[in-house]
Structures are given as C-alpha cells and as structure tokens.
Amino acid sequence: WKAECVRRLYPYCRGIVDDNPKLPRSLQSGISYSEEDGDILHHNRDDPRSNNIYKGRVFMFGHRDPVPTDCNRIGTPCATWEDVVREVRQWSSAIKSEIC
C-alpha cells in the first residue's frame with residue numbers, strides 16, 4: 001500500500017525515509033506487499049494509469065548496506081538519522097536544477 005501511495009504522489013513527493021527493505025523493490029516493480037506477512041497485495045504492472053518507473057529516492061533508515069541489492073538506483077542506505085540528513089541534503093542539492 002505504501003509503494004502505491006508514494007508512486008501516485010510522485011512528482012509532488014520525490015523521496016521517502018523508510019526502514020522497510022521491500023519498499024524500493026515495490027516501487028520499481030509495481031508490486032505492493034502486505035506489511036504483516038509480505039504477501040503480494042496488488043500488482044499494477046498492467047494498469048494503464050500506473051507509472052511503474054519511480055524516479056524518486058528511498059532513504060533506507062537503519063540500513064548500512066543497499067537493500068535490496070537490485071534496487072540501488074532508488075534505495076540509499078542510511079544507518080543513522082545523521083546519515084539520512086546528509087544524504088537528503090546531498091540528493092536535494094543535485095535535483096534542484098530539475099525542479100526549478
């Protein structure tokens with residue numbers, strides 16, 4: 001459910017801080033997972049209203065390594081809140097030219 005909301009909010013919401021390692025995969029694949037048991041809730045690959053290519057960023061709080069490893073394009077590991085702040089500042093500086 002969270003991936004679907006974030007996907008639909010783009011480009012108004014270009015990033016999110018989260019600790020769920022399934023979120024980047026969900027955002028890239030178009031699959032939404034259940035929080036409780038990890039079951040697939042929804043797959044919107046065939047939904048013409050859905051844009052499966054999420055261009056935002058997921059700052060993975062509490063993670064030192066990229067998780068999942070196949071989602072390095074949008075997932076940024078941030079072990080601490082200080083890491084989150086540093087990474088968000090760096091990333092937001094880089095995309096300012098795209099927004100303005």
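Start by selecting D18, which counts as buried because its relative accessibility is 8%; here buried means under 20% relative accessible area, exposed over 50% and partly exposed in between, with a 1.4 Å probe and protein chains only. This is a predicted model, so local features need pLDDT of at least 70 and side-chain atom pairs count only at pLDDT 80 or more, while totals for chains, interfaces and linings use all residues. Residues are numbered from 1 along each chain as its sequence is written, and side-chain values use heavy atoms, with hydrogens and water left out.

**Stop 1: the partner of D18**

K2 and D18 form a salt bridge, with their closest N and O atoms 2.6 Å apart; the term covers a side-chain nitrogen of Lys or Arg within 4 Å of a carboxyl oxygen of Asp or Glu. K2 belongs to helix α1 and D18 to strand β1 (residues 15-18), so this pair ties together parts that are 16 residues apart in sequence. Helices (H or I, at least four residues) and strands (E, at least two) are DSSP runs, numbered from the N terminus. K2 itself counts as partly exposed because its relative accessibility is 21%. By the same rule, the count of salt bridges comes to five.

**Stop 2: along α1**

What do the side chains of E4 and R7 form where they meet? They make a salt bridge, at 2.8 Å from N to O. Both residues lie in helix α1, three residues apart, which is about one turn of the helix. E4 also forms a salt bridge with R8, where the closest N and O atoms are 2.5 Å apart; these two lie in α1 as well, four residues apart, again about one turn. Through shared partners, the salt bridges join E4, R7 and R8 into one network.

Next, colour by accessibility. E4 counts as buried because its relative accessibility is 13%, and R7 is buried too, with a relative accessible area of 7%. The buried residues of α1 are A3, E4, V6 and R7. They lie on the same side of α1 because they cover an arc of only 165° around the axis, the arc being that of the directions from the helix axis to the C-beta atoms.

**Stop 3**

In soluble globular proteins, nonpolar side chains tend to be buried together.

**Stop 4: the sheet**

Switch to a cartoon view and show β1, β4 and β5. They form an open sheet of three strands in the order β1-β4-β5, with parallel pairing; two strands pair if DSSP finds at least two bridges between them. Which strands sit at the edges? The edge strands are β1 and β5 (75-78), each pairing on one side only. On average, neighbouring strands of this sheet are turned by 20° against each other, direction ignored.

Zoom in on β1 and β4, which run parallel and are joined by four bridges. G15 stands opposite R57 in β4. Then bring back α2, which packs on the sheet and touches β1, β4 and β5, where contact means heavy atoms within 4.5 Å. The direction of α2 makes about 165° with that of β4; axes are lines fitted to C-alpha atoms, for helices over the stretch in contact, and angles run from 0 to 180 degrees between N-to-C directions.

**Stop 5: the loop between α1 and β1**

Finish with P11, found in the loop between α1 and β1. The peptide bond from Y10 to P11 is cis, with omega near 15°. P11 is partly exposed, with a relative accessible area of 39%. Now select G56: its C-alpha atom is 7.8 Å from that of P11, although the two are 45 residues apart along the chain.

R14 is in the loop between α1 and β1 as well, and is partly exposed at a relative accessible area of 21%.
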